[in-house]
Amino acid sequence: MEEHRVDDVMLRAPIVLAASSTLADARDVLASSHVHIVLLTATGRVGEPLLGTLVRDDLPDRGGARDSALTHARLAGRTVHADLAADEVRRSMRASGRRRLAVVGAEGSLLGLLCLKRSGEGFCTDAGVRARRAARAEAGRDDEAAPARDR
């Protein structure tokens, strides 16, 4: 049986903002209960070097709406290389309590997002994310942010 690599199980259309985004932009995206991490690249596209990641705890409580989101972003501990064994990374994520990691290539380019399911037994899929988004929209509960997103 062939072992899956991280790039086999990652989400390929994560939420990506441009490095020029403000704290207000990041807050708007993270206001969705379904968005837990924002990835920052130069122009907001997958394939560019990853410059930082933001989670809600990175943002100051108040003020600075026009301040650069990038100044509050972090990379340390929030990335994983695409060629690693997915099951090994899953076990590590479970042990650390981390559920989301930006997936990067050898040169640091953003390739996607690794999202561990709440159960910890597998990874979220693009199809699953699309289905949940469609179900929320159909039910009139579409609070999913629609920022500059690489599709």
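Trainee: Where is Ala 69 found?
Mentor: This is a predicted model. In it, Ala 69 sits in the loop between β3 and β4 (79-81).

Trainee: Is Ala 69 buried or exposed?
Mentor: The cut-off for buried is under 20% relative accessible area. Ala 69 has a relative accessible area of 0%, so it is buried.

Trainee: Which residues is Ala 69 in contact with, leaving aside neighbours within four places in sequence?
Mentor: Ser 21, Thr 22, Leu 23, Ala 26, Leu 40 and Leu 54. For a distance, take Gly 52: 17 residues from Ala 69 in sequence, and 9.2 Å from it in space, C-alpha to C-alpha.

Trainee: Next, sheets. What holds the strands of a sheet in pairs?
Mentor: Backbone hydrogen bonds, and the pairing is either parallel or antiparallel. Here, three strands make an open sheet, ordered β1-β2-β3, with mixed pairing.

Trainee: Which strands stand at the edges?
Mentor: β1 (16-18) and β3 (52-54). Each has a single partner strand, so one side of each lacks a neighbour in the sheet. From one strand to the next, the twist averages 35°.

Trainee: In what sense do β2 and β3 pair, and over how many bridges?
Mentor: Strand β2 (residues 38-41) pairs with β3 in the antiparallel sense, over three bridges. To find one of them, go to Leu 39: its bridge partner in β3 is Thr 53.

Trainee: Which helix packs on this sheet?
Mentor: Helix α2 (residues 23-30). It touches β1, β2 and β3, and its direction makes about 165° with that of β1.

Trainee: Now a hairpin. How many residues lie between β5 and β6?
Mentor: Five. In the turn, Gly 108 has a positive phi of about 85°. The two strands run antiparallel and are joined by five bridges. Ala 102, for instance, has Leu 113 in β6 as its bridge partner.

Trainee: Is Ser 109 buried or exposed?
Mentor: Ser 109 is in the loop between β5 (100-104) and β6 (110-115). Its relative accessible area is 18%, so Ser 109 is buried under the 20% cut-off. Not counting residues up to four places away, Ser 109 touches Gly 47, Glu 48, Pro 49, Leu 50, Val 103 and Val 104.

Trainee: Why is β6 called largely enclosed by the rest of the structure?
Mentor: Because five of its six residues are buried.

Trainee: Let's zoom out. How many helices and strands are there in the protein?
Mentor: Four helices and six strands. From the N terminus, the order is α-β-α-β-β-β-α-β-β-α. The radius of gyration is 15 Å, close to the 15 Å from the globule rule for 151 residues, so the protein is as compact as a globular protein of that length.

Trainee: What share of the residues count as buried?
Mentor: 42% of the 151. The protein exposes about 8,500 Å², and carbon and sulfur atoms supply 49% of that. Now contacts: among those between residues at least 6 apart in sequence, 59% join residues at least 24 apart.

Trainee: Last point, confidence. Where does pLDDT stay under 50?
Mentor: Over residues 144-151, for which the model has 26 contacts beyond four places in sequence. Where pLDDT is low, predicted coordinates should not be read in detail. The protein averages a pLDDT of 89, and 91% of the residues score at least 70.

Key
Residues are numbered from 1 along each chain as its sequence is written. This is a predicted model: local features need pLDDT of at least 70, side-chain atom pairs count only at pLDDT 80 or more; totals for chains, interfaces and linings use all residues. Side-chain values use heavy atoms; hydrogens and water are left out. Two strands pair if DSSP finds at least two bridges between them. Axes are lines fitted to C-alpha atoms, for helices over the stretch in contact, and angles run from 0 to 180 degrees between N-to-C directions. Contact means heavy atoms within 4.5 Å. The radius of gyration is taken over C-alpha atoms; the globule rule is 2.2 Å times the number of residues to the power 0.38. Buried means under 20% relative accessible area, exposed over 50%, partly exposed in between (1.4 Å probe, protein chains only). Accessible areas come from the Shrake-Rupley method with a 1.4 Å probe; for residues, only the protein chains shown count as cover. pLDDT is the predictor's confidence in each residue, from 0 to 100.
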